[in-house]
Amino acid sequence: MRKKQAQRQVQPLKLTIVTQFYPPDYAATGQLIAELSGRLSDLGIEVYVFTGQPGYAFKEDNAPPIEQTKNLLIKRSQSAQIWTNRIRGKAISGLLFWLRSASHLFTIARRSDILLLTTAPPYLPILGYLANRLFGIPYICLLYDLYPDIAVELHVVQKRHWLTRCWNAINHKVWQHAQQIIVLSSTMKERITAKNPDLADKISIVHNWANPDHIVPLEKSRNWFAQQWDLVEKFTVLYSGNMGRCHDMETILATAIALQQEPIQFVFIGGGAKREEFINTVRRLGLSNCSFLPYQDQADLPYSLTACDLALVSVSPGMEGLVAPSKFYSSLAAGRPVAIVCEPHSYLRQIVDEAGCGQTFEHDDSQGLASFIQMLANNPQKAQQMGMAGRHYLQSHFTPDIIARQYAHVLYQGAQRKPVRSPQPVQIPSETKPLRL
């Protein structure tokens, strides 16, 4: 009898992750989940990922339906991606993935010790609630962004609309029955607890991350990307990522206008709802200090992210706590100083202050941002000092290994299991006090 109990104790935790995006998609959420899955499997957790076929890939319309390594199994749904560059198309694709996930999850749920469901699409965590009610499987909600709050801020739906009230009620029910809720920032937790104070004890703050072994500081003179786009001799300001409705591109545009006579180049890499309007405005104004490039392949990011002298991050007014820009962590890994446009109470301000890696600015403060850029352009030693301070801070707080152990802690806690191999203690920033490793 004791022998059987011992065998049960050493059985690895079986985790099922459900998320719409996964490589070769270049969506940031998919890239992060892929790295997290690999790190968790290295910690001895058996990870099963159910995801969709690529909707945002560079060259591949289809990826292998099944991929497997030692402790990691990936299965891709055959549900189609429809009009992924349009809001309605994204909604339809998300609904199709939800239906396919429901069908699949209910056939394999009993094989899992715990489920981890992302907000890609936003209503995906409902499946965790259903699986829990039907099969008793515990689940954890990983919230990348908060809906319907984002839709309300963007004036897509009114705050008191019946759809908003219904969505909020469903969220509360789903979160109430979840074992744990993972959010990406202290302000995101504050947003949730303001409406749902009873959930405070089950919310854990676990930041995004970047891999400092993959993204390594590189001098522009030795960087093929900088050479290809003629950025070696110019002080280059980089915005890399989504230029969407949740990002303040207006302050950045005003800054580029203010610096149009200076030897400073702005480079915008990525896509998003504001990209075309941004490009049209630049052309109309005849700005020669702005250039635009598409999303870059994952393998090229170590070069595109280090082909600059300063990295930009922005969050639109009203969006603090609703989204968390993953580009921030990649910029820290690249060893480049950061300039962040955000609200006064943003969690990003605390990190930047603690790390000494750049400066933050309020919305519409284009003159302040322009002055900061000019200061760094005239003081390359200061820019390098800030950049390396940010990289050192990331290496102490936001590496894949550190964050994976924080996730492992929450997962084992949610499954009410002791880890086979206890995660090593890590230093956690002040806003992640709910976690005790």
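Reader: Which residues do ring pairs link into a cluster?

Author: Ring pairs join Tyr239, Phe266, Phe268, Phe278 and Phe292 into a cluster. Rings of Phe, Tyr and Trp (its six-membered ring) pair if their centres lie within 6.5 Å; planes under 30 degrees apart count as stacked, over 60 as edge-to-face and the rest as tilted. A search of the whole structure finds 15 aromatic pairs. The model is predicted, so local features need pLDDT of at least 70 and side-chain atom pairs count only at pLDDT 80 or more, while totals for chains, interfaces and linings use all residues. Residues are numbered from 1 along each chain as its sequence is written, and side-chain values use heavy atoms, with hydrogens and water left out.

Reader: Why is the pair of phenylalanine 266 and phenylalanine 268 called stacked?

Author: The ring centres of phenylalanine 266 and phenylalanine 268 are 6.5 Å apart and the planes stand at 10°, so the pair is stacked. Phenylalanine 268 also forms a stacked pair with phenylalanine 292, with 5.2 Å from centre to centre and 20° between the planes.

Reader: What makes the pair of phenylalanine 268 and phenylalanine 292 a tie between parts of the sequence?

Author: Phenylalanine 268 lies in strand S10 (residues 264-269) and phenylalanine 292 in strand S11 (residues 290-293), so the pair ties together parts that are 24 residues apart in sequence. Helices (H or I, at least four residues) and strands (E, at least two) are DSSP runs, numbered from the N terminus.

Reader: Is phenylalanine 266 buried or exposed?

Author: Buried means under 20% relative accessible area, exposed over 50%, and partly exposed in between (1.4 Å probe, protein chains only). Phenylalanine 266 has a relative accessible area of 1%, so it is buried. Phenylalanine 268 counts as buried too, at 1% relative accessibility.

Reader: Why does histidine 155 count as exposed?

Author: Its relative accessibility is 66%, and therefore histidine 155 counts as exposed. Histidine 155 lies in the loop between H5 and helix H6 (162-177). Its phi is near 65°, a positive value in a residue other than glycine. Most residues other than glycine have a negative phi, and most peptide bonds are trans.

Reader: Which peptide bond is cis, with omega near 0°?

Author: The bond from alanine 120 to proline 121 is cis, with omega near 0°. Proline 121 is found in the loop between strand S5 (114-118) and helix H4 (126-135). The bond from tyrosine 147 to proline 148 is cis as well, with omega near 10°.

Reader: Which residues have the most contacts inside the largest nonpolar core?

Author: A nonpolar core is a set of buried Ala, Val, Leu, Ile, Met, Phe, Trp, Tyr and Cys residues joined through side-chain atoms within 4.5 Å. The largest has 100 residues, and those with the most contacts inside it are Leu15, Leu40, Ile45, Leu143, Phe328 and Tyr407. Helix H16 (residues 400-415) supplies the largest share of this core, 8 residues.
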